[in-house]
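Keep the sequence and the 3D view open as you read.

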Amino acid sequence: MCKSLTISLFLAAFLICNISANSVPSDADDCPLICPALYSPVCGYNGKLYKEFSNSCELKSSNCRLERSAVQPYAQTDIAWCTSDLVENLLEKLGNLDINKPECFKPCPMIYQPVCVSNGKLRATVAHPCAMDLYNCAMGSDCKY
């Protein structure tokens, strides 16, 4: 009798712990507060801002608190987007780049299909993959989309 009661209590405690471990935290107190002091940077993007976190635990902890506040969490993205400068007008930034070279010319569609580009120092968005090919050709790169 005592053994079956002990087993029943153990199973009940196990189920309660398992259910609470798999449930969504109900407030900021349930979010991880302690993360390892390891520097392994990750970049997050919430639809408006890029933010660098010291590691993936810090990103997870931040997202947990943001979700409790009904704020858009950060999605992990390439670290280059956090460590590079945003360029609004790529052609202006590149200065004397001639994208009208005869060897680079090709007709591009007028359909907006944005492509994100980065060289590690600068990041920008170009209107479509064809425009990215034109920039790469004009810069002497053979990278194709």
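## Terms and ground rules

A residue is called buried when its relative accessible area is under 20%, exposed when it is over 50%, and partly exposed in between, using a 1.4 Å probe and protein chains only. Helices (H or I, at least four residues) and strands (E, at least two) are DSSP runs, numbered from the N terminus.

This is a predicted model, in which local features need pLDDT of at least 70 and side-chain atom pairs count only at pLDDT 80 or more, while totals for chains, interfaces and linings use all residues. Residues are numbered from 1 along each chain as its sequence is written, and side-chain values use heavy atoms, with hydrogens and water left out.

## The overall fold

The protein chain contains five helices and six strands. Of its 145 residues, 26% count as buried.

Contacts (heavy atoms within 4.5 Å) tell us how the chain comes together. Among those between residues at least 6 apart in sequence, 53% join residues at least 24 apart.

Is helix H5 enclosed or open? Nine of its ten residues are buried, so H5 is largely enclosed by the rest of the structure. The buried residues are Pro129, Cys130, Ala131, Met132, Asp133, Leu134, Tyr135, Asn136 and Ala138.

These buried residues of H5 pack against H4, E5 and E6. Just after the helix, Gly140 takes a positive phi of about 85°.

## Strands and sheet

Two strands count as paired if DSSP finds at least two bridges between them. Strands of a sheet pair through backbone hydrogen bonds, either parallel or antiparallel. E1 and E2 (residues 50-53) run antiparallel and are joined by four bridges; Val42 has Phe53 of E2 as its bridge partner. Their hairpin has four residues between the strands, and Gly47 takes a positive phi near 100° there.

Elsewhere, three strands make an open sheet in the order E4-E6-E5, with mixed pairing. E4 (85-86) and E5 are at the edges with a single partner strand each, so one side of each has no neighbour in the sheet. E4 and E6 run parallel, joined by two bridges, and Leu86 has Arg123 of E6 as its bridge partner.

How many disulfides does a search of the whole structure find? There are four, where a disulfide is a pair of cysteine sulfur atoms within 2.5 Å. Cys35 and Cys57 have their sulfur atoms 2.1 Å apart. The torsion about their S-S bond is about -75°, so this disulfide is left-handed. Cys35 sits in the loop between helix H1 (2-22) and strand E1 (42-45), and Cys57 in helix H2 (residues 56-68), so the link ties together parts 22 residues apart in sequence. Cys35 counts as buried at 16% relative accessibility.

Cys43 and Cys82 are also joined, with sulfur atoms 2.0 Å apart. Their link is right-handed, with 75° about the S-S bond. It connects distant parts of the chain, with Cys43 in strand E1 and Cys82 in helix H3 (residues 80-83), 39 residues apart. Cys43 and Cys82 are buried. A disulfide also joins Cys104 to Cys137, at 2.0 Å from S to S. Its torsion of about -85° about the S-S bond makes it left-handed. Cys104 lies in the loop between helix H4 (90-94) and strand E5 (115-118), and Cys137 in helix H5 (residues 129-138), so parts 33 residues apart in sequence are tied together. Cys104 is buried at 5%, whereas Cys137 is partly exposed at 21%.

## The largest pocket

A pocket here is an open set of points on a 1 Å grid over the protein atoms alone, where a 1.4 Å probe fits and protein lies on both sides within 12 Å along at least five of seven lines; lining residues have an atom within 4 Å of a point. The largest pocket holds about 240 Å³ of space, a volume filled by probe spheres set on the points, which are joined across faces, edges and corners.

Its lining includes Leu90, Val117, Leu122, Met132 and Tyr135. H4, E5, strand E6 (122-126) and H5 are the elements that give two or more residues to the lining, and H5 gives the most, with three. By class, the lining has eight nonpolar, three polar and no charged residues. In this scheme Ala, Val, Leu, Ile, Met, Phe, Trp, Tyr, Cys and Pro are nonpolar, Asp, Glu, Lys and Arg are charged, and the others, Gly among them, are polar.
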